[in-house]
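Good morning, and thank you for the time at this meeting. I would like to present one protein structure to you, going from its overall fold to a few individual residues.

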Amino acid sequence: MHPLVILEHLGLALIGLFFVWGGLNHFRIFREVRAMLAERGWPFPGFILALASLWEAAAGAVLASGFHTTWAALALILFVALASLLLLDFWNQTDEARAASLNAFLLNVAVTGGLILAMALALE
């Protein structure tokens with residue numbers, strides 16, 4: 001196997017497992033995250049959290065497997081965009097909370113760049 005193919009699969013696995021961990025970890029801290037969503041006025045916060053967490057973990061697993069990379073990356077790009085816009089509203093925050101949300105938002109932009117690269121490699 002060519003070294004570039006090995007690197008591509010390693011990259012997909014690392015990015016995908018990042019999302020698998022994130023999605024599964026939401027179930028570990030379910031009460032806290034559900035309470036935060038409810039505090040923000042979200043309807044059906046438990047249902048939305050469970051659905052989004054399963055979406056994140058499943059799409060991450062598909063990406064990590066290297067199969068259907070384009071669709072998995074698209075699903076994760078949509079997930080990251082929605083989570084970033086709905087939860088990391090740094091424009092409504094001040095001081096340390098603003099800095100933390102902005103930092104997380106910018107990290108999500110970088111992760112989206114990696115997902116776009118995964119799509120580009122899959123479409124080659």
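Predicted model: local features only at pLDDT ≥ 70, side-chain atom pairs only at ≥ 80, totals over all residues.

The protein chain has five helices and zero strands. Read from the N terminus, the order of elements is therefore simply α-α-α-α-α. The C-alpha atoms fill a box of roughly 50 × 30 × 20 Å along the principal axes. Of the 124 residues, 31% count as buried. Among contacts with a separation of 6 or more, 61% join residues 24 or more positions apart.

Let us take helix 1 as an example.

In soluble globular proteins, nonpolar side chains tend to be buried together. Here the largest nonpolar core has 13 residues, and the members that touch the most others are Phe 19, Leu 63, Ala 73, Leu 76 and Leu 115. Helix 1, helix 3, helix 4 and helix 5 each give two or more residues to this core. Which helix gives the largest share? The answer is helix 4, with six residues.

Leu 63 deserves a separate word. Apart from its neighbours within four places in sequence, Leu 63 is in contact with Leu 12, Ile 15, Gly 16, Thr 69, Ala 72, Ala 73, Leu 76, Leu 115 and Ala 118.

The next subject is empty space. Rolling a probe the size of a water molecule over the atoms shows where such space is left. The largest pocket holds about 780 Å³. It is lined by 30 residues, and those closest to its centre are His 26, Glu 56, Phe 79, Ala 83 and Leu 87. Helix 1, helix 2, helix 3, helix 4 and helix 5 each supply at least two residues of this lining. The largest share, eight residues, comes from helix 3. By class, the lining has 24 nonpolar, five polar and one charged residues.

I turn to two residues with a particular backbone angle. Most residues other than glycine have a negative phi. His 68, in the loop between helix 3 and helix 4, has a positive phi near 55°. Asp 95, which belongs to helix 5, likewise has a positive phi, of about 55°. Are these residues buried or exposed? His 68 has a relative accessible area of 61%, and therefore counts as exposed. Asp 95 is exposed as well, because its relative accessibility is 66%.

Finally, consider Thr 70, in helix 4. Its relative accessible area is 18%, so Thr 70 counts as buried, the cut-off being under 20%. Leaving aside neighbours within four places in sequence, Thr 70 is in contact with Met 119, Ala 122 and Leu 123.

Thank you for your attention.

Conventions:
Residues numbered from 1 in each chain as written. Heavy atoms only, no water. 1 Å grid on protein atoms, 1.4 Å probe; cavity = no way out; pocket = protein on both sides within 12 Å on 5 of 7 lines; lining within 4 Å. Points joined across faces, edges and corners; volume = space filled by probe spheres on them. Helix = DSSP H or I, 4+ residues; strand = E, 2+ residues; numbered from the N terminus. Nonpolar A, V, L, I, M, F, W, Y, C, P; charged D, E, K, R; others polar. Core = buried A, V, L, I, M, F, W, Y, C linked by side-chain atoms within 4.5 Å. Buried < 20%, exposed > 50% of the residue type's maximum accessible area, 1.4 Å probe, protein only. Contact = heavy atoms within 4.5 Å.
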